[in-house]
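Please work through the exercises below with the sequence and the structure open side by side. Each task is followed by a solution that goes step by step.

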Amino acid sequence: MKALCAAVAWVLVCGAPVLGQSASVEASAPVLLSIGESFTVESRALGETRRINVYAPPAWDEEPGAARPVLYMPDGGIAEDFLHIAGLLQVSVGNGTMRPFLLVGIENTQRRRDLTGPTDDPQDRTIAPTVGGSAAFRAFLREELLPLIDARYPTTGETAIMGESLAGLFVVETLALEPELFDTYIAFDPSVWWNREHLVEAAPKWIAGAGVAHAVYLACSSEPELARLTRALAELLRRDAPAGLKWHFRDMPEETHATIYHPAALHALRWLFKPEAAEGR
């Protein structure tokens, strides 16, 4: 037995590759992976260049060149939320739990400027050198980006917008001020504390005018202040939403503000954009 163990040890030692030894197989030079398309826009509304990222997840039963609805997302840079949301679309479209959408991510330049509206709270103005630029950002979407996407890609005319935190604030503000701009509004942990909670206080009025929106989806994490305000919006929707407005609220106390986006987005995409063939399941 001792002789057998010694023989095995000798084979293991002598037959194993030396640490750091070069691989015996040949490999090609590495190339960069790519997903979708990326281009820049010279925005007159914002007075700057903006980068746009676009992804169309494969849909195996879709005709080539078929028109798609469009999901727009602020915080849509490659180093922001674009990649993990693109992954959700790829999986959800691929496994048939979501209709095929075109994903359009808008990369940030000055996030806190673009995603916040006017405020009379001095504390709000301390978060960035410039705030309150949401009207210009909305004009960029309305007058420049949405028409450009419709011109460059086959689209159905159906649109949605999704965002978390300050991007969620922008989603709710757009629903309040210009509900006809998108068909579906999706906001996770929206920062509606902005401007002394003005959007929550004014909600009974703007909710009554939200009937032209196709759907509204809200979710909140365990973060106390954001959860309180998002629940308040949900309660006002429950009380005041006009007939025919499709809306949903999901309380996610198991998530934090840092973790809510991905799991909330998965549920929202499945709930809002379930394929028609699966509606009766």
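The exercises that follow concern a predicted model.

**Exercise 1.** Determine where D75 lies and whether D75 is buried or exposed.

Solution. Begin with the chain: D75 is found in the loop between β3 (68-74) and α2 (82-94). Next, take the relative accessibility, which is 5% for D75; because buried means under 20% relative accessible area, D75 counts as buried. Then list the neighbours, leaving out residues up to four places away in sequence: D75 touches E80, D81, F82, I106, N108, R111, L115, E164 and A167. Finally, consider N108, which is 33 residues from D75 in sequence, although the two C-alpha atoms are 6.0 Å apart in space, and whose side chain is joined to that of D75 by a polar contact of 2.8 Å.

**Exercise 2.** Describe how helices α6 and α8 are arranged.

Solution. The axes of α6 (residues 194-201) and α8 (residues 224-240) come within 10 Å and cross at roughly 25 degrees. Since angles under 35 degrees count as roughly parallel, α6 is roughly parallel to α8. The contact is made by E197, L199 and V200 of α6 together with E225, R228, L229, A232, L233 and L236 of α8; by class, six are nonpolar, none polar and three charged.

Technical notes
Residues numbered from 1 in each chain as written. Predicted model: local features only at pLDDT ≥ 70, side-chain atom pairs only at ≥ 80, totals over all residues. Heavy atoms only, no water. Helix = DSSP H or I, 4+ residues; strand = E, 2+ residues; numbered from the N terminus. Buried < 20%, exposed > 50% of the residue type's maximum accessible area, 1.4 Å probe, protein only. Contact = heavy atoms within 4.5 Å. Polar contact = N/O pair within 3.5 Å; in protein donor to acceptor, adjacent residues only side chain to side chain. Axes fitted to C-alpha atoms, helices over the stretch in contact; angles between N-to-C directions. Parallel < 35°, antiparallel > 145°, perpendicular 65-115°, else oblique. Nonpolar A, V, L, I, M, F, W, Y, C, P; charged D, E, K, R; others polar.
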